[in-house]
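Work through the exercises below with the model open. Try each task before reading its solution.

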Amino acid sequence: MADVPMNCSNKDGRPSAESKEGRPLIEENTLQSNTSPTQSGERVSQGLAGVRKAARERKKMKFTALLHHLTVELLTESFYALKRKGAPRVDGVTWQEYETGLAGRLVDLHSRVHRGAYRAQPSRRVFIEKSDGRQRPLGVAALEDKVVQQAVVTILNQIYEEDFRGFSYGFRPGRSQHQALDALNVAIKRRKVRWVLDCDIRGFFDNLSHEWLQLFLQHRVADVRILRLIQKWLKAGVIEAGEWTDTKVGTPQGAVADANRFLKDYQERLQKFGLELHPDKTRLIEFGRFAEQNRTQRGEGEPETFDFLGFTHISGKHRRGEFVVKRITAGTRMEKKLSEVKQQLHARMHAPMRNLANGSARSCKATSTPTRPWKYP
């Protein structure tokens, strides 16, 4: 789980996130960067580096001046960071179309954002199939919204990358699923883990409270213009089957005594924010170097396994008898990939052999080869 940890006073009378959680209030700090909105690319980099340095050194600082870091140069970098062949957006504008006359478009966008004239558009609701056959709802934002969102993310990353825990990997720049898998393997082996809590929050992105999200942001972000931008995106709603729908919640995604206590505390904390663990995806698993021995003594058979990031994790042994965490491709992931291969082969079954030899076969192999199981020696 990732911890979701630059300044306006709380003048509207609403309790802050700190006070609601029983935490000491964070002192405000009005320190601002001396960079200007029209700075060069190099100056922007220096300005954001200053934000990161301040966030690292002053964990209680609230940043009151952040929006001036959202420059035309940063918007340009954000535009080119987007996928050029993404799904059609609600505004119907493609990446290639927007690139025509890009400089003028981004100057206008920059002006609207800083004048407060920028308006967020509703996202287009699409669904993708999950490994268990259920549908996961996704929101496809308008292209200009994506550009501004990417720029704001770049700015906020300078703060929250200093606040996140080292074991947090989800949605962070420079971190991947592979690194998370390696970290899990090392932690289980080095810390002599005996129990694993395999859990999943029910509909996290669908049920995330907008109010709590804003309160959490105010721990560190007090630039009202940044907070208003985020509020605009949260309130923009979604369009599904041609109809607009409002969104009041959600965003367009040791010993057994110790483990049980953690599970209970974790459930209570989630309930405080209107969230709950998925009952069908939450279980306490005896796992680690002593799991096989303990379960054998109780006559309970082999240790259970758990799935994480597409791999099934197995409590096993090296050929020399040493404990090792084995990983194989999860069954549902393998079945899905094999189904894709079958579809690709079926689509090419009547293709001329020369076409297959000239690239179609290589394309099929490149996109449809099942994931190779991972296993540590």
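**Exercise 1. The strands.** In which sense do β8 and strand β9 (residues 323-329) pair, and over how many bridges?

Solution. β8 and β9 pair in the antiparallel sense, over seven bridges. Two strands count as paired if DSSP finds at least two bridges between them. Strands (E, at least two residues) and helices (H or I, at least four) are DSSP runs, numbered from the N terminus. The model is predicted: local features need pLDDT of at least 70, side-chain atom pairs count only at pLDDT 80 or more, and totals for chains, interfaces and linings use all residues. Residues are numbered from 1 along each chain as its sequence is written, and side-chain values use heavy atoms, with hydrogens and water left out.

Next, look at the turn. β8 and β9 form a hairpin with five residues between them. Gly 321 in that turn has a positive phi of about 95°.

Now go to the other neighbour. Strand β7 (residues 306-308) pairs with β8 in the antiparallel sense over three bridges. These two also form a hairpin, with two residues between them. Leu 309 in the turn has a positive phi of about 55°.

Finish with Phe 311 in β8. Phe 308 stands opposite Phe 311. In β9, the bridge partner of Phe 311 is Thr 329.

**Exercise 2. One side of a helix.** Find the buried residues of helix α3 (residues 72-81) and say what covers them.

Solution. The buried residues are Leu 74, Leu 75, Ser 78 and Phe 79. They cover an arc of only 140° around the axis, which puts them on the same side of α3. The arc is that of the directions from the helix axis to the C-beta atoms. Recall the helix geometry: an α-helix has 3.6 residues a turn, so residues three or four places apart point the same way. The cover includes α4 (95-99), α5 (102-115) and α6 (143-160). Contact here means heavy atoms within 4.5 Å.

**Exercise 3. Aromatic pairs.** Count the aromatic pairs, then classify the ones that Trp 95 makes with Phe 79 and Tyr 80.

Solution. Start with the rule. Rings of Phe, Tyr and Trp (its six-membered ring) pair if their centres lie within 6.5 Å; planes under 30 degrees apart count as stacked, over 60 as edge-to-face and the rest as tilted. The count comes to nine aromatic pairs.

- Phe 79 and Trp 95: centres 4.6 Å apart, planes at 10°, so the pair is stacked. Phe 79 lies in helix α3 and Trp 95 in helix α4, so the pair ties together parts 16 residues apart in sequence.
- Tyr 80 and Trp 95: centres 5.6 Å apart, planes at 70°, so the pair is edge-to-face. Tyr 80 in α3 and Trp 95 in α4 are 15 residues apart.

Trp 95 counts as buried at 2% relative accessibility. Tyr 80 is partly exposed, at 36%.

Phe 79, Tyr 80, Trp 95 and Tyr 98 form one aromatic cluster.

**Exercise 4. Charge over ring.** Which ring does the charged end of Arg 105 sit over?

Solution. The test requires NZ of Lys or CZ of Arg within 6 Å of the ring centre and within 35 degrees of the ring normal. Arg 105 sits over the ring of Tyr 98, 5.0 Å from its centre. Arg 175 sits over the ring of Tyr 169, 4.8 Å from its centre.

Notes
Buried < 20%, exposed > 50% of the residue type's maximum accessible area, 1.4 Å probe, protein only.
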